2 protein chains.
Amino acid sequence: MSEKQEGAVPHLAAEEFRQLGYRMVDWIAGYWDRLESFPVRAPVAPGDVAARLPPHPPEQGLDGEKGWEAVFQDLEQVVLPGTTHWQSPSFFGYFPANVSGPAVLGELLSAGLGVQGMLWSTGPACTELEARVMDWLVELLGLPASFLSTSPTGGGVIQGSASEATLVAMVAARARIRRMSPGDAPLVAYASTQVHSSLLKAAMLCGVARDASDTTHVRTIATDATYGLNPEALERAITEDLAAGKRPFFVCATLGTTSSGAVDRLGPIGEVLARTGVTASGGWLHVDAAWAGAALVCPEFREGLAGMEAVDSFCFDPHKWLLTNFDCDAFFTRDRGALLEALSVMPEYLRNTASASGSVTDYRDWQVPLGRRFRALKLWLVLRHYGRQGLQAYIREHVRLAQRFVGWVAQDARFELAVPRSLALVCFRLAARPAEASAATDARNRALLERLNATGEVFLSHTVLPGVGERPTRYVLRMAIGGTRTQEGHVRACWELLQRLASE
Amino acid sequence: MSEKQEGAVPHLAAEEFRQLGYRMVDWIAGYWDRLESFPVRAPVAPGDVAARLPPHPPEQGLDGEKGWEAVFQDLEQVVLPGTTHWQSPSFFGYFPANVSGPAVLGELLSAGLGVQGMLWSTGPACTELEARVMDWLVELLGLPASFLSTSPTGGGVIQGSASEATLVAMVAARARIRRMSPGDAPLVAYASTQVHSSLLKAAMLCGVARDASDTTHVRTIATDATYGLNPEALERAITEDLAAGKRPFFVCATLGTTSSGAVDRLGPIGEVLARTGVTASGGWLHVDAAWAGAALVCPEFREGLAGMEAVDSFCFDPHKWLLTNFDCDAFFTRDRGALLEALSVMPEYLRNTASASGSVTDYRDWQVPLGRRFRALKLWLVLRHYGRQGLQAYIREHVRLAQRFVGWVAQDARFELAVPRSLALVCFRLAARPAEASAATDARNRALLERLNATGEVFLSHTVLPGVGERPTRYVLRMAIGGTRTQEGHVRACWELLQRLASE
């Protein structure tokens, strides 16, 4: 194995790869078993990891399997101590970033096959399996049939992230409105104040917004008391802009905001777009259900879908709460032609008979990059392994745990819910003491979160919810339940820790 | 293992994951061993793969390990027959898409860890290891020290693809020129006629180009006889645009074009930008070395780096020819501030002490998406496993094989080189017969390529090179050597097949 020739390329031999592969599989399984033994948040300071890494690249490679001992040592001594453990069952921060066995096997498979699926012809299975599993998702989530790849003008595609999905939707919307309503009037995009930061980033990337403070071309709309977009405020803004000679072209509605899980009501939004003539002029309604979309596998959580008939595109992240490793954003549109219009460039070196025939999908024209790996495999394996029933059981269990948590909060007068529970996200806080200034309440909550996370036993993140009416702006803690391995004991332990710290 | 409870979530048990993991590792190793037994190009028609997939998603999941038998069967019966085998040692199309054992292990590891490295604080090791391996690449490739993460204003980051790198560079350039040269003059980007399609796509995405036919804001510049950008033509275009009140803001130079491996000379381009005042007004020079950049690990292939001192950003794809699975584009800039200016949006729910301190890198602000997986692991394992010497040996071997191929072409009067060999890319064709019309020569070459690929024994792609002077436009075959497993026998077999088909 190690009898390397002078000048020979030191590839791993097949048997070396097998042995190291088994060992890596064992290491990962072992890591998952050990997850509760690590501090959830990496207890390192900036530079700590870098200080343990050689400043210069190695001249010589590793000496076969033996040489890899050093790699496995570094995983323990350099990588793990610097890792915030998103897979910990006590990670409740941000939104979950699900990893599951079937998805990891799919990612491994995709890496091994090394297919480049930019064109149908460069990866027929990569393309057709993706179209099929996206169609499966339409059915699993109860989405409109106009999103099916078999529909006349729609289809689904895997994007890297909801940010990319929003960008792609926005440039498709721009292409469409320019075609349907020519002219140079400035374009304006709309979303609630609670929209994800990727909306503004997409507008900055595509040039609709000049910079992060451009509130002329990206208008954020007031919400109601539960932080869903206020349709009347949207209508006022659109009417105002139309009167000023601007072109409203894009509305991003959110099912399950990042801050508090709020849901924008699609029905009334669609009606506003119809009533103001935005729909008729080619305007686009995009739905960002990045996190909450996964819950649509359960019919009882589909209330938010009312009004979907007005929606041009929709995305959600199986890589958040549907057991499929990052990156896997499921993006659907009923107007794939607008995507091609905005994104298709055909250089000679990519021309091929299949593309020229018009009978195939070339997914490169549905996304930002040209290249793409075979990401459908991991989604396929997850959907097959769990099945509809398994996925439903998974979502329902987390929602049940969130309900339990809400119950505990309700029984402890020191705490309060900040907004009604949204699926498995609970926004809560230490309640204001009598006559306490709101800044003081915020400070106590901020301190509680810092002490909580410093224990290393759990990790939560926070948000700030804007004031509504008499209610001041509030700093709140977010308990996002949804880890692959999270069970009732972890949620309960987190609550008991919160109670203990609140007593100190 | 399989005693599933009613309503329980059917996760793979640890031991099931281990066993399936070993099996998947074996399957991949076995696939690599069998690569030469498959037709390189998938012999399927549109719809063939889809026809073998169930139309509806499964209601019930797989019954543990046993259930996965069906998955492994489908890999053989559905996925492989529909796969164009990019990892075949006889795949010579497009550019290589390298997969290697160490990279696959790194991808597996990244999937298992499931870290979300959007912020330093959400993945300190993910961030700091990435910065370090990018610094290693600066050293390995002989790039300017101004690209190091330890330099005052520079640094490197892994992008998903060169397309994303170009987009990020372009929006950074736009932010910078707006700051340095305020005003509303239309922005213009420049590149040679041979630039990759991702330049136009980036301009369409960011709104600099209105559509794919916008030659006002994306100007393609004539080349010299070997298809490198003509600096005089660039200077004329810039001067003309300046005189017309436009703002030249972005030039994309290519080291190793996709068509023919041509190299744009950075020195003269930088001089044009300085002389026309574009540099002083904030203009940006980006270098796309997506494929050829890998060869810079060898000092003898660094001629193209002359003039790098004028370059603002540079990218190359370790996922092409440096043994690191897709996706892994290495992007470097000497002006990271411009990236942050163009891409940074800080919502409350992402605020954290480390970011606020300004002492850490948050890579989300260097890229299109918010989320990011731990891609540095695979690059780290590749650089460690092979070492500088191993990488050099790898590149040199492919260049040697390309030289051999050129030698054979030179000895067969029926064939000719279309342009001088560029590293391991050989553009060649059946030579024109006496008095043959150029369209007829093209047609013979097109037919040859189709017959060649139809054999399934090899796969090559083509390009069309524009006419220069008296020379007509030419359809040419591209022999891109660079597969992980490609050896002299594969190149020779391809040549012998070409000779045989040319005789028929």
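Reader: Let's start with one residue. Where does B:Asp327 lie in chain B?

Author: B:Asp327 sits in the loop between α11 (318-321) and β7 (329-333) of chain B. Keep in mind that this is a predicted model.

Reader: What kind of peptide bond joins B:Phe326 and B:Asp327?

Author: First, the general idea: most peptide bonds are trans, and most residues other than glycine have a negative phi. Here, the bond joining B:Phe326 and B:Asp327 is cis, with omega about 5 degrees. In chain A, the bond from A:Phe326 to A:Asp327 is cis too, with omega near 5 degrees. A:Asp327 lies in the loop between α11 (318-321) and β7 (329-333) of chain A.

Reader: And phi? What is the value for B:Leu323?

Author: B:Leu323 isn't a glycine, yet its phi is positive, about 70 degrees. B:Leu323 belongs to the loop between α11 and β7 of chain B.

Reader: Is B:Leu323 buried or exposed?

Author: Buried, because its relative accessibility is 0%. Now take B:Ala435, another non-glycine residue with a positive phi, near 65 degrees. B:Ala435 is in the loop between β9 (425-430) and α15 (438-454) of chain B. With a relative accessible area of 86%, B:Ala435 is exposed.

Reader: On to helices. How are two packed helices described?

Author: You give the angle between their axes and the distance between the axes. For helix α8 (residues 197-206) of chain A against helix α7 (residues 162-180) of chain B, that's about 80 degrees, with the axes 9 Å apart. So α8(A) is roughly perpendicular to α7(B).

Reader: Which residues in α8(A) and α7(B) meet?

Author: A:Met204, A:Leu205 and A:Cys206 in α8(A) meet B:Leu167, B:Val171 and B:Arg174 in α7(B). By class, this contact has five nonpolar, no polar and one charged residues.

Reader: What about helix α12 of chain A and helix α8 of chain B?

Author: The axes of α12 (residues 336-343) of chain A and α8 (residues 197-206) of chain B cross at roughly 115 degrees and come within 9 Å. A:Glu341, A:Ala342 and A:Leu343 meet B:Lys201, B:Met204 and B:Leu205 there.

Methods: Residues numbered from 1 in each chain as written. Chains lettered and ligands numbered in written order. Predicted model: local features only at pLDDT ≥ 70, side-chain atom pairs only at ≥ 80, totals over all residues. Heavy atoms only, no water. Axes fitted to C-alpha atoms, helices over the stretch in contact; angles between N-to-C directions. Helix = DSSP H or I, 4+ residues; strand = E, 2+ residues; numbered from the N terminus. Parallel < 35°, antiparallel > 145°, perpendicular 65-115°, else oblique. Contact = heavy atoms within 4.5 Å. Nonpolar A, V, L, I, M, F, W, Y, C, P; charged D, E, K, R; others polar. Buried < 20%, exposed > 50% of the residue type's maximum accessible area, 1.4 Å probe, protein only.
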